[in-house]
Amino acid sequence: MSTVGVVPGIDRFAVEPLQLNLAVSLHAATDEVRDRLVPLNRTWPLNELFAACERYVARTRRKLFFEYVVLRGVNDTPAQIAALTQRLRRPLYHLNLIAYNETGGDFTAPAAGEVEALHRRLEQAGVSCTVRRSTGGEIKAACGQLALRYESR
């Protein structure tokens, strides 16, 4: 199950008897940046979101996954990574790093090797994380790219 951070939904999901994993689309570690990337953050800012995440883990004892699309120069800055480390260096939290796929919009994909370097820094700081591989980017068919191509027709 995935959420962008609907706090009441996380609380409801925590009491469900279902044995499903929960993933939170995080994409930023400060409210300033997340407000820009995830407008719902204005309704449930990060402190409220992470309080719900802590309640979820305490109640379910299940691992909680966080999705983080790496946007070069936006959410991969030293300040973002420091804040991310503080928020995610906890038992049962796991971060999935995903390189942004270029769509011709306002954001830029990380350069080759930057996501792997970020992965190493986070793991050395005590954050459990994985680099998610995306396929199809070389032919403009990766996540987000096909929808953009369809809309531009």
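Two residues are in contact, as the word is used here, when heavy atoms of one lie within 4.5 Å of the other. By that criterion, and not counting residues up to four places away in sequence, L88 touches L26, F50, F66, Y93, L95 and V127. The model is a predicted one, in which local features need pLDDT of at least 70 and side-chain atom pairs count only at pLDDT 80 or more, while totals for chains, interfaces and linings use all residues. Residues are numbered from 1 along each chain as its sequence is written, and side-chain values use heavy atoms, with hydrogens and water left out.

**Overall layout**

- The chain has 6 helices and 5 strands, where helices (H or I, at least four residues) and strands (E, at least two) are DSSP runs numbered from the N terminus.
- Followed along the sequence, these elements give the pattern β-α-β-α-α-β-α-β-α-β-α.
- Of the 153 residues in the chain, 41% are buried; buried means under 20% relative accessible area, exposed means over 50%, and partly exposed lies in between, with a 1.4 Å probe and protein chains only.
- Among contacts between residues at least 6 apart in sequence, 65% join residues at least 24 apart.
- The accessible surface of the chain comes to about 8,500 Å², and carbon and sulfur atoms account for 54% of it; such areas come from the Shrake-Rupley method with a 1.4 Å probe, and for residues only the protein chains shown count as cover.

**The nonpolar cores**

- A nonpolar core is a set of buried Ala, Val, Leu, Ile, Met, Phe, Trp, Tyr and Cys residues joined through side-chain atoms within 4.5 Å, and the largest one here has 32 residues, with F66 and L95 making the most contacts inside it.
- At least two residues of this core come from each of α1, β2, α3, β3 (64–70), α4, β4 (93–99), α5 (114–124) and β5 (129–132), and the largest share, 7 residues, is supplied by α3.
- A second, separate core of 6 residues includes A28, V33, L71 and Y100.
- F66 touches V24, L26, F50, C53, L88, Y93, H94, L95 and N96, again leaving out residues up to four places away in sequence.
- L88 lies in helix α4 (residues 78–88) and counts as buried because its relative accessible area is 1%; its C-alpha atom is separated by 8.8 Å from that of F66, 22 residues apart along the chain.

**Aromatic pairs**

- The whole structure contains 5 aromatic pairs, meaning rings of Phe, Tyr and Trp (its six-membered ring) with centres within 6.5 Å, called stacked when the planes are under 30 degrees apart, edge-to-face when over 60, and tilted for the rest.
- The rings of F13 and Y56 are stacked because their centres are 6.1 Å apart and their planes stand at 10 degrees, and this pair links F13 in helix α1 with Y56 in helix α3, 43 residues apart.
- Y100 and F107 form an edge-to-face pair, with 6.1 Å from centre to centre and 80 degrees between the planes; Y100 is buried at 14% relative accessible area, whereas F107 is partly exposed at 21%.
- F50, F66 and Y93 form one aromatic cluster.

- T3 lies in strand β1 (residues 2–3) and counts as buried at 14% relative accessibility.
- L18 is found in the loop between α1 (7–14) and β2 (22–25) and is partly exposed at 45% relative accessibility.
- T43, in the loop between α2 (31–37) and α3 (46–60), is partly exposed, with a relative accessible area of 46%.
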